Amino acid sequence: MERANETSPVMGFTLLGLSAHPELEKTFFVLILLMYLVILLGNGVLILVTILDSRLHTPMYFFLGNLSFLDICFTTSSVPLVLDSFLTPQETISFSACAVQMALSFAMAGTECLLLSVMAFDRYVAICNPLRYPVIMSKAAYVPMAASSWAIGGAASVVHTSLAIQLPFCGNNIINHFTCEILAVLKLACADISINVISMEVTNVIFLGVPVLFISFSYVFIIATILRIPSAEGRRKAFSTCSAHLTVVIVFYGTLFFMYGKPKSKDSMGADKEDLSDKLI
């Protein structure tokens with residue numbers, strides 16, 4: 001009976017959000033709401049423009065349109081929940097809703113990792129092999145590239161979410177986060193999570209390590225090619241086609257490495273500060 005009580009299924013979770021720091025809630029509610037509105041407006045306009053303007057029916061703008069749609073989906077999978085957590089102290093979420101939110105966020109993050117790699121390859125071919133660009137980056141090539149990014153990100157999400165929801169959760173059902181972030185959920189399991197940890201490490205290599213190496217090597221060749229362009233105007237124009245992508249890569253992968261790549265503090269005070277910084281990042 002005691003064992004049964006310990007492993008009784010959890011019907012829902014409580015999201016702490018910033019309830020331990022109420023002085024920050026109003027400020028972050030306004031900031032995140034403004035950022036979310038800018039994301040919806042900016043990406044929505046970019047998608048419309050790339051669809052309506054036939055001159056932009058090129059691989060680069062096709063990938064940008066995918067990235068814009070992805071960013072709308074990615075932020076919408078979590079931001080409304082984050083905003084609600086600022087208004088509702090210790091908000092509750094059902095187990096099934098938590099699983100769906102976790103799956104969507106993970107799928108979008110994985111897809112973005114791969115899509116940014118594909119975009120780096122597109123820029124590499126455009127700058128380093130411009131004469132072969134129309135052949136290499138034909139519609140028969142770039143559409144499957146984007147579709148594969150979505151499919152692989154979705155498949156990885158299904159695997160990790162399935163492994164997570166099969167775990168027994170007993171007693172403590174408080175998630176120290178704004179959303180059902182997978183690492184925060186795994187901390188609540190009352191069973192061995194070594195399989196989950198190993199699968200996460202493999203995923204980190206596939207979605208973080210390999211893409212970052214690929215993007216880095218691509219930009220080494222891109223920069224070397226740009227520096228060989230004789231005119232300053234030519235160098236500026238070539239680099240301008242990469243600058244936005246490079247900025248997104250730095251911001252996106254920088255935050256992911258900060259949250260998932262750094263060693264965790266074993267000190268309780270340090271862990272509390274770490275949890276707060278991870279949530280804000």
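Predicted model: local features only at pLDDT ≥ 70, side-chain atom pairs only at ≥ 80, totals over all residues.

Q: Good to know. How many helices and strands does the chain have?
A: There are 11 helices and 3 strands in the chain. Following the sequence, the pattern reads α-β-α-α-α-β-α-α-α-β-α-α-α-α.

Q: And what share of the residues count as buried?
A: The chain has 281 residues, and 41% of them count as buried.

Q: Which residues does UniProt list as "transmembrane region"?
A: The unreviewed UniProt entry lists 28–49, 61–83, 103–121, 141–159, 205–227 and 239–260 under that name.

Q: Can we look at a couple of those? What is the chain doing over residues 28–49?
A: That span is 100% helix and 0% strand, and its end C-alpha atoms lie 31 Å apart. Residues 141–159 are likewise 100% helix and 0% strand, with 27 Å between the end C-alpha atoms.

Q: Let's move to helix pairs. At what angle do H5 and H9 pack?
A: Helix H5 (residues 95–128) and helix H9 (residues 194–227) pack at about 20°, and their axes are 9 Å apart.

Q: So are they roughly parallel or roughly antiparallel?
A: Roughly parallel, because an angle under 35 degrees counts that way. H5 passes H9 in a left-handed crossing. The residues in the contact of H5 with H9 divide into 19 nonpolar, 5 polar and 1 charged.

Q: Which way does H7 run against H9, parallel or antiparallel?
A: The axes of helix H7 (residues 139–165) and H9 come within 10 Å and cross at roughly 165°. H7 is therefore roughly antiparallel to H9. The crossing of H7 and H9 is left-handed.

Q: Which residues make that contact between H7 and H9?
A: On the H7 side, they are Ile152, Gly153, Ala156, His160, Leu163 and Ala164. H9 brings Ile195, Asn196, Ser199, Met200, Thr203 and Phe207. The contact of H7 with H9 divides into 7 nonpolar residues, 5 polar and no charged.

Q: I also see H3 by H7. How far apart are their axes?
A: The axes of helix H3 (residues 59–76) and H7 are 10 Å apart, and the two pack at an angle of about 20°. H3 and H7 are therefore roughly parallel to each other. H3 passes H7 in a right-handed crossing.

Q: And which residues meet there?
A: Pro59, Phe62, Phe63, Asn66, Phe69 and Leu70 in H3 meet Tyr142, Val143, Met145, Ala146 and Trp150 in H7. By type, the contact of H3 with H7 has 10 nonpolar residues, 1 polar and no charged.

Q: Changing topic: single residues! Where is Thr179?
A: Thr179 sits in the loop between strand E3 (174–175) and helix H8 (182–186).

Q: Is Thr179 buried or exposed, and why?
A: Thr179 is buried, because its relative accessible area is 8% and buried means under 20%. Not counting residues up to four places away in sequence, Thr179 touches Leu15, Ser78, Leu81, Val82 and Gln101.

Q: OK, Ser218 next. Where is that one?
A: Ser218 is in helix H9. With a relative accessibility of 6%, Ser218 counts as buried. Apart from neighbours within four places in sequence, Ser218 is in contact with Ala120 and Tyr124.

Q: How far is Ser218 from Asp122?
A: Along the chain, Ser218 and Asp122 are 96 residues apart, while their C-alpha atoms are separated by 9.6 Å.

Q: Last one: what about Phe239? Which helix is it in?
A: Phe239 is in helix H10 (residues 232–261). Phe239 has a relative accessible area of 38%, so this residue is partly exposed. Leaving aside neighbours within four places in sequence, Phe239 is in contact with Ile226 and Leu246.

Q: And how far is Phe239 from Ile223?
A: Phe239 and Ile223 are 16 residues apart in sequence and 8.1 Å apart in space, going from C-alpha to C-alpha.

Q: Great, thanks for the tour!

How values were computed. Residues numbered from 1 in each chain as written. Heavy atoms only, no water. Helix = DSSP H or I, 4+ residues; strand = E, 2+ residues; numbered from the N terminus. Buried < 20%, exposed > 50% of the residue type's maximum accessible area, 1.4 Å probe, protein only. Contact = heavy atoms within 4.5 Å. Axes fitted to C-alpha atoms, helices over the stretch in contact; angles between N-to-C directions. Parallel < 35°, antiparallel > 145°, perpendicular 65-115°, else oblique. Left-handed = near helix turned anticlockwise from the far one by under 90°. Nonpolar A, V, L, I, M, F, W, Y, C, P; charged D, E, K, R; others polar. UniProt positions renumbered as here; feature names shortened; annotations may be inferred.
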